[in-house]
Amino acid sequence: MHDTLAEVSAILGRSKEALSQFQAILEPTIEQAADDHERLYWHHIYEEEEHRFDRLAALLPKLEEALADEAFLSRENGNFLRLLQDISLEKFGLHNFLEHLDLSLFHYKGTEHEPAIAALRDMTAADYQQMKSALETLNGALDVPVSFAAATPTDEKEEQKEYLKLAQYAAPPAASAPARPSVGTRRQLTVGSLKNQ
């Protein structure tokens with residue numbers, strides 16, 4: 001369990017640093033926005049990541065303290081279970097960060113920022129998969145009586161409406177016809193619907 005939590009700590013530390021780099025790119029974009037819509041759009045993303053930065057700044061020292069005291073890592077310790085809930089929430093934050101990076105790649109395509117954002121995006125995608133695996137390991141080891149449903153993104157929820165999932169809009173294999181929602185389903189604009197356009 002200690003090694004898995006150390007892995008989580010490393011992921012969140014990398015993400016906090018990546019988040020700072022992304023915010024530094026967004027700041028001039030907000031300042032120089034062409035109109036209020038563009039300013040609001042980027043400000044919204046910036047603000048969400050700012051909240052996440054604050055959460056990470058509070059969580060990482062607690063995680064380091066827990067790693068320094070193996071007796072803390074017990075399912076009978078309520079503080080440890082709360083720490084796990086905070087970590088689980090950050091899995092969702094990592095997923096949102098990944099989507100924000102995807103969205104920004106449309107805006108920064110062909111600019112000096114594209115390579116840096118693409119590198120952050122690739123690192124975050126790999127970290128997100130590693131985080132999911134780490135949380136599955138922790139849940140399996142602890143069998144804790146805590147619901148992690150709130151930390152599960154829409155695309156990974158089994159009971160979620162199919163037309164809200166990215167796979168509905170993902171590009172089909174080259175030889176097959178594009179997948180279309182069945183008659184009567186409602187299409188909506190999502191981050192995934194913008195991909196491959």
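Reply: Phe97 is buried, with a relative accessible area of 0%; buried means under 20% relative accessible area, exposed over 50%, and partly exposed in between, with a 1.4 Å probe and protein chains only. The model is a predicted one, in which local features need pLDDT of at least 70 and side-chain atom pairs count only at pLDDT 80 or more, while totals for chains, interfaces and linings use all residues. Residues are numbered from 1 along each chain as its sequence is written, and side-chain values use heavy atoms, with hydrogens and water left out.

The structure holds four aromatic pairs; rings of Phe, Tyr and Trp (its six-membered ring) pair if their centres lie within 6.5 Å, and planes under 30 degrees apart count as stacked, over 60 as edge-to-face and the rest as tilted. Phe22 and Phe97 are edge-to-face, with 5.8 Å from centre to centre and 70° between the planes. Because Phe22 lies in helix α1 and Phe97 in helix α3, the pair ties together parts that are 75 residues apart in sequence. Helices here are DSSP runs of H or I with at least four residues, strands are runs of E with at least two, and both are numbered from the N terminus.

Two further residues touch Phe97. The one in helix α2 is Glu49. Not counting residues up to four places away in sequence, Glu49 touches Leu19, Gln23, Asn96, Phe97 and His100, where contact means heavy atoms within 4.5 Å. Glu49 is buried yet has no salt bridge, and the nearest side chain of opposite charge, Arg52, is 4.2 Å away. A salt bridge is a side-chain nitrogen of Lys or Arg within 4 Å of a carboxyl oxygen of Asp or Glu; for charge, Lys and Arg count as positive and Asp and Glu as negative, while His and the chain ends are not counted.

The other residue, Thr124, belongs to helix α4. Thr124 is buried, at 2% relative accessibility. With neighbours within four places in sequence left aside, Thr124 is in contact with Leu94, Phe97, Leu98 and Leu101.

The protein chain has five helices and zero strands, in the order α-α-α-α-α along the sequence. Of its 197 residues, 38% count as buried. Among contacts in the chain with a separation of 6 or more, 71% are between residues 24 or more positions apart.

The largest nonpolar core has 38 residues, and those with the most contacts inside it are Leu5, Leu12, Leu84, Ile87 and Met131. Such a core is a set of buried Ala, Val, Leu, Ile, Met, Phe, Trp, Tyr and Cys residues joined through side-chain atoms within 4.5 Å. Helices α1 (2–31), α2 (36–68), α3 (78–107) and α4 (114–142) each supply at least two residues of this core, and α1 gives the largest share, ten residues. Leu5, for its part, is in contact with Leu63, Leu67, Leu73, Phe80, Leu84, Ile87 and Leu138, leaving aside its neighbours within four places in sequence.
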